[in-house]
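Trainee: Could you take me through this structure, one topic at a time? I will ask as we go.

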Amino acid sequence: MSVTFKSLETILERYPPSPEHLISALQEVQAKFSYLPKEALAAVCDHLGVPLSQGWAVATFYKSFSLEPKGEHEISVCLGTACHVRGAKNLYDKFRRDLDIAGEEGTTRDLKFTLRPVRCLGCCSMGPVAQVDDEVYGNLNQRKAGALIKQYRQR
Amino acid sequence: MQIRTLEDMQTAKSLGLAQLYPDKPKILVGMATCGLAAGAQRVFNTLTRQAHEAHWDGVVEKTGCIGFCYKEPLVDLILPGKPRLTYEKVTPEIAGELFQEVAAGRIPENHFMARLDEDDMVLNGGPHKLAKSKLKGFLAKAPRYEDLEFYKLQRHLAMRNCGFIDPDNLQHYLARGGYFALYKALTEMTPEAVIEAVTVAGLRGRGGGGFPTGVKWASCRKAKGWPKYVLCNADEGDPGAYMDRSLIEGDPHSILEGMLIGAYAIGSTEGFIYVRAEYPLAVKTLQRAILVAREAGLLGDNIFGTGFSFDIKLNLGGGAFVCGESTALMSSIEGKPGEPRAKYVHTVDKGLWNRPSNLNNVETWANVPLIIGKGADWYKSIGTEGSTGTKIFSLVGQVKNVGLVEVPMGISIKDMVEFIGGGVPETRQFKAIQIGGPSGGCIPKELWDLPIDFDSLSGAGAIMGSGGMIVMDSSTCMVDVAKFFLDFLIDESCGKCIPCRLGLKRMREILEEFSSGKGSLADLDELQSLSEAVKDGSLCALGGSAPNPVLTTLRYFRDEYEAHILDHKCPAAVCKDLITFSINPELCNGCTACAQECPQGAITGVKKQPHQLNPALCIKCGACKEVCKFGAVAVS
């Protein structure tokens with residue numbers, strides 16, 4: 001844990017103690033740990049002089065923040081309009097079924113994948129699309145989605 | 001290099017021109033996000049590797065997106081004295097073959113798309129002839145850009161540099177007349193004259209509302225308070241619109257230059273760009289552009305030695321649609337949740353940190369250098385009287401030619417879908433065009449002669465919005481579309497005001513009744529009145545326009561709603577409670593593809609014999625229909 005907090009300190013050092021940096025600082029923490037650990041959220045708020053309640057409000061308002069640990073690979077399936085009219089809902093359900101995710105979104109028990117819907121990746125011409133980590137996959141269908149999961153499971 | 005004087009500008013410009021059109025062969029790869037999603041990185045890697053291995057005396061470079069998304073990955077070949085040649089759907093293998101041909105001094109003919117004889121270079125003295133001699137053989141017969149239906153009606157003004165320059169290269173931008181408009185504004189014009197030019201040009205906000213940009217700038221200039229902020233809205237949240245992403249990824253300096261001119265006009269020294277974190281490449285491109293501009297002295301203190309100072313900070317959005325709303329966006333930059341506030345005090349008076357703030361979107365900023373560089377009268381001559389200039393649309397959905405389209409305002413929906421888009425897939429019929437995103441509406445075929453401009457669209461119940469245009473055909477259910485947008489808006493509602501937070505949920509429940517076949521005609525009236533209430537009672541524009549998709553589908557597609565209610569049928573065969581899947585034994589040849597794909601084991605049968613589908617097990621996921629090559633899966 002000491003290592004963890006060391007890297008947190010290096011993030012905080014760069015921010016003057018002023019509330020306007022809350023979102024940017026939390027984004028860096030999120031990028032570092034892939035989620036916002038409770039202690040880290042408290043430490044950021046403390047450093048910037050923001051009440052924890054406001055930190056909580058921000059962390060739960062914006063979709064890019066997560067209070068739960070994320071899986072090794074993050075799958076974002078686009079549910080934008082262009083993808084929707086090309087069957088994105090069925091595609092999303094296929095991912096949910098294959099990854100055995102009970103709710104609308106979530107992380108697999110083995111912490112291998114996190115699945116979440118995203119509203120438009122801006123690749124509407126190739127819809128339906130999904131993004132795994134930093135790679136965008138276009139013109140998907142349910143069969144290709146199944147193959148994609150298999151491919152990442154083996155990595 | 002430092003750019004402080006006109007001489008520095010001219011030097012950088014000629015250096016840039018020599019790079020854009022060098023005296024040796026050059027290969028360009030379109031590497032915006034859409035190109036990358038189609039595999040452009042591997043194409044680029046193949047080309048650079050082969051060029052390296054062959055000790056080739058030529059250049060391989062990346063560029064942005066020229067809009068032909070349905071033909072990605074695109075590769076361009078620029079040979080001295082020849083037209084620019086574009087190749088489509090280039091895989092790494094094809095790129096390898098293409099390179100071999102070029103290295104051997106031949107002109108590749110495979111996967112050829114079109115040739116460009118003149119480079120428009122609108123901000124650098126007009127068309128530059130690329131073909132220096134009479135074309136012969138293959139080239140003479142090869143189609144020109146202007147011959148392509150997708151391109152013929154287009155005019156790339158905001159997208160003037162996209163697909164031509166390396167977005168990270170400042171000299172490329174200067175070579176095409178970049179930053180000369182800023183120089184002109186700072187050295188020849190008063191701030192008032194700049195505002196006057198933008199006002200006379202008739203530029204209206206490209207982000208949604210279509211508010212006159214000059215009027216906004218003038219109010220912000222007049223507002224009391226210091227410092228004043230100039231902001232760029234790059235939180236492109238409208239699903240189905242991606243022109244802002246493409247502009248940033250292809251030509252980031254055009255946005256910086258627009259903001260600099262705006263800051264000079266308004267009297268501001270500090271700017272912010274609020275960009276979606278979901279666009280990692282756009283974020284990186286902007287970061288680099290700001291850094292390069294700062295190093296060159298185009299951002300920072302005493303720009304061109306005129307005493308004018310301005311710098312820009314980048315803020316990453318947290319993934320909230322509502323942050324595209326001006327007050328929510330400002331609240332987010334302040335480090336708070338992005339909740340809008342009532343706007344009886346305008347943001348030009350009290351915006352970011354309660355200081356006068358001027359917010360425009362990416363495309364609006366990119367238009368500003370054109371107005372200053374070419375003059376208000378020139379700009380005004382394009383488009384219609386009330387909506388001047390061009391607009392970029394993302395033409396997507398059920399249409400053959402998908403991509404970014406920049407056309408003069410006033411083009412008809414029919415031309416957009418039938419001509420530019422090439423129509424809907426053969427076996428289906430055009431039904432509607434959805435424009436304006438979740439705040440917009442669906443416009444039916446009966447109205448397809450309607451000119452696309454700010455005022456005609458709002459008259460029809462939609463809005464221009466940021467220019468997302470989703471084509472819908474007979475396979476799209478309008479009740480489902482209304483449900484889709486409500487789901488989106490419920491998800492994205494910030495929850496501050498009741499009409500939006502609760503009203504939308506109730507509307508969604510009524511729609512669910514329809515799509516499960518349980519609704520009544522009285523519910524239709526209820527939906528209508530609830531929509532009006534949400535529209536009137538919401539605090540911000542997100543809530544105020546949220547019922548538009550429902551209202552326009554009710555207005556133009558009432559028969560579809562009635563089919564769900566009275567006949568318990570979904571005419572487009574989308575709503576799962578009202579459809580059943582079956583296999584047509586006459587078309588099924590027993591290839592077993594569907595049975596392998598079915599997650600439920602609902603499909604059984606002997607190989608090479610027609611299969612059967614057990615409706616009791618079927619979850620209507622449609623996987624079988626997707627894989628069937630014989631059209632044997634029927635949905636009724």
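Mentor: In this predicted model, α19(B) passes α20(B) in a left-handed crossing.

Trainee: At what angle do helix α19 and helix α20 of chain B pack, and how far apart are their axes?

Mentor: Helix α19 of chain B, residues 478-492, and helix α20 of chain B, residues 498-515, pack at an angle of about 150 degrees, and their axes are 10 Å apart. Because the angle is over 145 degrees, α19(B) is roughly antiparallel to α20(B).

Trainee: Which residues meet there?

Mentor: On α19(B) they are B:Val479, B:Asp480, B:Ala482, B:Lys483, B:Leu486, B:Asp487, B:Leu489 and B:Ile490. Their counterparts in α20(B) are B:Leu504, B:Lys505, B:Met507, B:Arg508, B:Leu511, B:Phe514 and B:Ser515.

Trainee: Let us turn to the sheets. In what order do the strands of the sheet with β1 of chain B come?

Mentor: The order is β2-β1-β3-β4-β5 in chain B, an open sheet of five strands with mixed pairing. Its edge strands are β2 (59-63) and β5 (112-116) of chain B, each of which pairs on one side only. Direction ignored, neighbouring strands of this sheet are turned by 20 degrees against each other on average.

Trainee: How many bridges are there between β1 and β3 of chain B?

Mentor: There are four, and strand β1 (residues 26-30) pairs with strand β3 (residues 75-78) of chain B in the antiparallel sense. Within that pairing, B:Leu28 has B:Asp76 in β3(B) as its bridge partner.

Trainee: And which strands does helix α3 of chain B touch?

Mentor: Helix α3 (residues 40-53) of chain B packs on the sheet and touches β1, β2 and β3 of chain B. The direction of α3 makes about 160 degrees with that of β1(B).

Trainee: What about the sheet that holds β13 of chain B: what is its order?

Mentor: That open sheet of five strands runs β14-β13-β17-β15-β16 in chain B, again with mixed pairing. At its edges stand β14 (403-408) and β16 (441-444) of chain B; each has a single partner strand, so one side of each is left without a neighbour in the sheet. Here neighbouring strands are turned by 30 degrees against each other on average, direction ignored.

Trainee: How is β13 of chain B joined to β14(B)?

Mentor: Six bridges join strand β13 (residues 390-397) of chain B to β14(B), and the two run antiparallel. In β14(B), B:Pro408 stands opposite B:Thr390.

Trainee: A single residue now. Is B:Phe308 buried or partly exposed?

Mentor: B:Phe308 counts as partly exposed, because it has 19 C-beta neighbours inside 10 Å, whereas a buried residue would need 20 or more. B:Phe308 lies in strand β11 (residues 308-316) of chain B.

Trainee: What is B:Phe308 in contact with, its neighbours within four places in sequence aside?

Mentor: The contacts of B:Phe308 are B:Leu186, B:Tyr264 and B:Ile303.

Trainee: Finally, how many residues of chain A are in contact with chain B?

Mentor: 39 residues of chain A are in contact with 45 residues of chain B. On the side of chain A that touches chain B, α2 (22-33), α4 (52-61), α5 (81-84), α6 (88-99) and α7 (142-153) of chain A each supply at least two residues. Helix α6(A) gives the most, with four residues. That side of chain A divides into 18 nonpolar, 13 polar and eight charged residues.

Technical notes. Residues numbered from 1 in each chain as written. Chains lettered and ligands numbered in written order. Predicted model: local features only at pLDDT ≥ 70, side-chain atom pairs only at ≥ 80, totals over all residues. Axes fitted to C-alpha atoms, helices over the stretch in contact; angles between N-to-C directions. Parallel < 35°, antiparallel > 145°, perpendicular 65-115°, else oblique. Left-handed = near helix turned anticlockwise from the far one by under 90°. Contact = placed C-beta atoms within 7 Å. Pairing = 2+ DSSP bridges. Nonpolar A, V, L, I, M, F, W, Y, C, P; charged D, E, K, R; others polar. Buried ≥ 20, exposed ≤ 12 C-beta atoms within 10 Å, placed from the backbone.
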